[in-house]
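Please consult the sequence and the 3D view shown here before reading on.

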Amino acid sequence: MNASFLLRFKAFMIDYILILVYLAVLFIISVYLFPSLQHFFQGSLLMAQFAVFLLVTFPVSLYFIISDSKVGKQSYGKRKTGIRVVGNNGESLSLLHITIRTLLKFLPWELSHFLTY
């Protein structure tokens, strides 16, 4: 394995830890603080999928879109590992480019959840 791959993997793992913390907070909120939120996950499968999309996929995608764009420049994991998000010309990527990148990153995960029900 080359050093670039390992650095990217390390950056993603750091970001993934942040995502896991977010999921733990969501769990605590939905189980202990607002248990009434659980009815969104016990009804129809379509409603449950939509709720998970709004609570998990959408915020996590926004995290990567905003943090990797011109606004944030790097996700937390990329910042800690020194990775910069730039195009071929060395400039920041456009918001559209970052959005497409993020959609391609999470589309297989989202489709696998949606299509298995």
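## Packing of H1 and H3

The axes of helix H1 (residues 3-33) and helix H3 approach within 11 Å and cross at roughly 145°. Helices (H or I, at least four residues) are DSSP runs numbered from the N terminus; axes are lines fitted to C-alpha atoms over the stretch in contact, with angles from 0 to 180 degrees between N-to-C directions.

From H1, Phe12, Asp15, Leu18, Ile19, Tyr22, Leu23 and Leu26 meet Leu55, Val56, Pro59, Val60, Tyr63 and Phe64 of H3, a contact being heavy atoms within 4.5 Å. Twelve of the residues in this contact are nonpolar, none is polar and one is charged; Asp, Glu, Lys and Arg count as charged, Ala, Val, Leu, Ile, Met, Phe, Trp, Tyr, Cys and Pro as nonpolar, and the others, Gly among them, as polar.

## Basis of the model

The model is predicted: local features need pLDDT of at least 70 and side-chain atom pairs pLDDT 80 or more, whereas totals for chains, interfaces and linings use all residues. Residues are numbered from 1 along each chain as its sequence is written, and side-chain values use heavy atoms, leaving out hydrogens and water.

## The salt bridge

The structure holds one salt bridge (a side-chain nitrogen of Lys or Arg within 4 Å of a carboxyl oxygen of Asp or Glu). Its partners are Lys78 and Asp68, at 2.8 Å from N to O. Lys78 belongs to helix H4 (residues 76-81) and Asp68 to helix H3 (residues 45-68), so the pair ties together parts ten residues apart in sequence.

## Gln74

Gln74 lies in the loop between H3 and H4. Gln74 counts as buried because its relative accessibility is 16%, the limit being under 20% relative accessible area with a 1.4 Å probe, protein chains only.

Methods: Helices (H or I, at least four residues) and strands (E, at least two) are DSSP runs, numbered from the N terminus. Buried means under 20% relative accessible area, exposed over 50%, partly exposed in between (1.4 Å probe, protein chains only).
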